[in-house]
Amino acid sequence: MRFNTKTIHAGQQNEETSGAVMPPIFQTSTYAQETPNVHKGYDYARVGNPTRTALEKLIAGLEGADECACFASGVAAMDALLKMFRPGDHIIATNDLYGGSYRLFTSVFEPYGIEFSFIDMTDLNKVKEAIKPNTKMFWIETPTNPLLRVVDIKELSKIAHKNGAFSIVDNTFASPYLQRPLELGADAALHSATKYLAGHSDVIHGAVATSNKEIMENLRFQVKSTGAVPGPMDCYLVLRGIKTLSVRVQRAVESAKKIASYLNDHELVDEIHYPGLPSHPQHNLASEQMDDFGAMVSFSLKDNSMKAGIKFMAGTKIFTLAESLGGVESLISHPASMTHGSIPKEIREKAGLKDSLIRLSIGIEDVDDLIEDLNQAF
Ligand SMILES: *Cc1c(COP(=O)(O)O)cnc(C)c1O
């Protein structure tokens with residue numbers, strides 16, 4: 001099956017009793033057993049639910065993975081994954097990353113004795129230098145948030161494996177429509193399904209897809225033991241969202257290219273970050289690693305003040321000022337005061353995140369309306 005067909009059919013079957021083409025929302029907490037531990041594959045809904053299973057099979061199919069485990073949020077998925085590590089273990093992560101990931105690493109796991117190094121992963125030598133005997137995982141985000149840098153999943157995965165570490169990719173920004181980390185050698189792909197997979201800004205959900213038995217065993221153990229599981233209604237919403245993943249993302253990417261080119265020519269724009277522009281430092285890598293360049297665009301203003309960034313955002317009428325991304329509606333945000341507010345200013349600036357930086361998540365509206373909206377905000 002090719003990708004667009006998989007978004008509809010991967011791992012799916014018509015429901016047995018009625019022939020329903022979409023899986024029912026199995027709103028139940030428990031399942032009848034014939035005799036103790038003899039049942040139809042489900043015993044208690046923290047551990048498993050048929051609506052969730054249908055979604056897990058679908059996401060596994062899209063990522064080319066054997067299995068997938070779903071969680072109540074993207075950070076819950078990360079939390080479960082990280083619990084396979086122990087005090088004294090070391091993790092290398094991208095320095096330009098989702099603010100909530102940074103907070104989870106430094107404020108939750110560091111106090112429990114797990115060490116983190118935040119490295120510019122576009123420089124493979126810096127990554128190699130950061131490796132220690134206790135390095136157990138590379139945490140890769142690409143394209144990065146919010147600077148849209150692209151890091152080399154294939155090379156990093158080789159380096160990780162040579163050093164006995166896992167290579168895990170947060171694939172939220174690209175979605176499997178544009179990038180499939182397992183095909184590039186990564187051990188697992190993680191999603192905040194809240195974003196492109198669900199795609200309608202109406203649910204919080206997370207998933208990890210992997211073919212690695214050790215990782216999956218830990219995830220299933222965490223599902224059962226720490227229980228940050230999604231409800232069946234949420235799983236249904238993500239399932240429904242994925243059916244249109246390819247058409248939504250394709251349209252958003254086409255618009256993002258036009259918007260990036262408009263911003264690139266604008267006199268009030270200082271730096272523009274979009275992997276599809278030939279001037280982007282990793283444009284060639286993005287062309288190889290991704291099927292297209294994504295629908296996230298960020299830019300800073302010539303007037304590089306917090307105030308200027310915030311003022312620009314307040315001026316848009318179609319772009320909604322909001323955190324998050326990947327929905328059908330276009331969103332605008334100001335990382336320095338919003339998503340990345342929890343990252344200290346010195347660390348933010350060292351990573352190149354300017355005070356005026358504005359991040360756009362391009363939706364599926366008419367692109368001319370979006371460009372007119374930005375134009376009047378300038
Ligand atoms: C939103 C996001 C997360 C966290 O996911 P939630 O569903 O909000 O918990 C993790 N990584 C990236 C890149 C994100 O954009």
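View 1. Helix H6 (residues 153-162) lies across strand E4 (135-141) and strand E5 (166-170), at about 150 degrees to E5. Contact means heavy atoms within 4.5 Å. Helices (H or I, at least four residues) and strands (E, at least two) are DSSP runs numbered from the N terminus. Axes are lines fitted to C-alpha atoms, for helices over the stretch in contact, and angles run from 0 to 180 degrees between N-to-C directions. The model is predicted: local features need pLDDT of at least 70, and side-chain atom pairs count only at pLDDT 80 or more, whereas totals for chains, interfaces and linings use all residues. Residues are numbered from 1 along each chain as its sequence is written, and side-chain values use heavy atoms, leaving out hydrogens and water.

**View 2. The open sheet.** The order of its 7 strands is E1-E7-E6-E5-E4-E2-E3, with mixed pairing; two strands pair if DSSP finds at least two bridges between them. Strand E1 (67-71) and strand E3 (115-119) are the edge strands, each pairing on one side only. On average, neighbouring strands of this sheet are turned by 20 degrees against each other, direction ignored.

**View 3. Strands E6 and E7 with helix H7.** Strand E6 (residues 188-192) pairs with strand E7 (residues 206-210) in the antiparallel sense over 5 bridges. Ala207 in E7 is the bridge partner of His191. Helix H7 (residues 213-225) lies across E1, E5, E6 and E7, at about 30 degrees to E1.

**View 4. Helices H9 and H13.** The axes of helix H9 (residues 245-264) and helix H13 (residues 367-377) come within 10 Å and cross at roughly 30 degrees. Ser255, Lys258, Ile259 and Tyr262 in H9 meet Val367, Leu370, Ile371, Leu374 and Asn375 in H13.
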